[in-house]
Amino acid sequence: MKICASAPAKIIWFGEHFVVLGKPAIASSINLKARVCISNSINDKIIIESKDLGVKCIYGKDIPRELIQFIHIVEYCLSENIITKLKPFHAIIESSIPIASGLGSSASTAVAFTAAFLAYHDVSFNRELISRIAYEAEKIVHAKPSGIDNTIASYGGFLVYQKGRIRRIRVRWPRKFQLLIVDTGMPRNTGKVVKMVLERYQRNEDIMKYIYMAAEKIVRKAIKCLRSGNIECIAELMNINHGLLVSLGISTYEIESLVHRSIMSGALAAKITGAGMGGSIIVLTDRIKLDHVIRAISPLAYRIIPASPTSQGVTIERL
């Protein structure tokens, strides 16, 4: 028996960091995926293997740091009686999502692993349960995860997320617009960045509360613009949102160089997506100017990935 599950990457359009203190955020899944396949173990052991990272472990023995979150999923399901007995298995994890780039790679792999793991053990489940279990794994990777990454990887589409509540947005996305994921090549620790921003907020709450209020107003307006397909409005709000993120102290010279070059070459918008201090930016451009924008920013980018929003969340296939 072999069961495979796939879960999409995510981008945050609006609200990163602000969501940690209860403000709304808008995220969507994109067409990059993590895939986990679980099959019967030939030696009655539990083996977890990441092809991309080149690491493997046997359950009950020394666990590489990169695989701890998957062991935690197994143990959480046992402790909560979600499964009552472990069956031997061999899990193989593969992903097309760049690591530490603000695209939710850890959550996507956690969601895909959770779905395949539950299906392999014949557990009745839904997306809510998958997301909840994956969130527990995210706590291992990030100091204080917002919950957006595991939610979007589980449900897919465009979502408004606030204080654990999710709401879908029906979006009209004109084909004339193209999204680019531009990787700075600078890894960062999301947990440390979130902690840094929270400490800045606590030191300057009387000032920063207004920045957080502005971020919430951006999200409220963006919801209306997405529903109507007004992408020019979305572009303008993206640029404003980037300015707010800069004020949180999470930008870098490399990020600002890419943002500036993108706008100067004709892109409609460019902003941090995710925690910042490295990772990726997202660039929104008219397809007519796509090649020109890519040529302009290529010398400054580690990697450029054309991407599209998708409505698909986690999926399961039995082979």
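Predicted model: local features only at pLDDT ≥ 70, side-chain atom pairs only at ≥ 80, totals over all residues.

Student: How much space lies in the largest pocket?
Tutor: About 1000 Å³. It has 43 lining residues, and those closest to the centre are Ala100, Ser105, Ser106, Val141 and His142.

Student: And how do the residues of that lining divide?
Tutor: Into 17 nonpolar, 17 polar and nine charged.

Student: What about the second largest pocket, what volume does it have?
Tutor: About 330 Å³. Its lining has 18 residues, with Phe158, Trp173, Pro309, Thr310 and Ser311 nearest the centre. Strand E8 gives the most to that lining, three residues. By class you get nine nonpolar, five polar and four charged.

Student: OK, switching to cysteines. How many disulfides are there?
Tutor: Two. Cys4 pairs with Cys37, sulfurs 2.0 Å apart. That one links distant parts of the chain, since Cys4 sits in strand E1 and Cys37 in strand E2, 33 residues apart. Cys225 is joined to Cys233, also with an S to S distance of 2.0 Å.

Student: Why is the Cys4 and Cys37 disulfide called right-handed?
Tutor: Because the torsion about its S-S bond is about 110°. For Cys225 and Cys233 the torsion is about 55°, so that disulfide is right-handed too.

Student: Is Cys77 buried or exposed?
Tutor: Buried, at 0% relative accessibility. Cys57 is buried as well, at 4%.

Notes:
Residues numbered from 1 in each chain as written. Heavy atoms only, no water. 1 Å grid on protein atoms, 1.4 Å probe; cavity = no way out; pocket = protein on both sides within 12 Å on 5 of 7 lines; lining within 4 Å. Points joined across faces, edges and corners; volume = space filled by probe spheres on them. Nonpolar A, V, L, I, M, F, W, Y, C, P; charged D, E, K, R; others polar. Helix = DSSP H or I, 4+ residues; strand = E, 2+ residues; numbered from the N terminus. Disulfide = S-S within 2.5 Å. Buried < 20%, exposed > 50% of the residue type's maximum accessible area, 1.4 Å probe, protein only.
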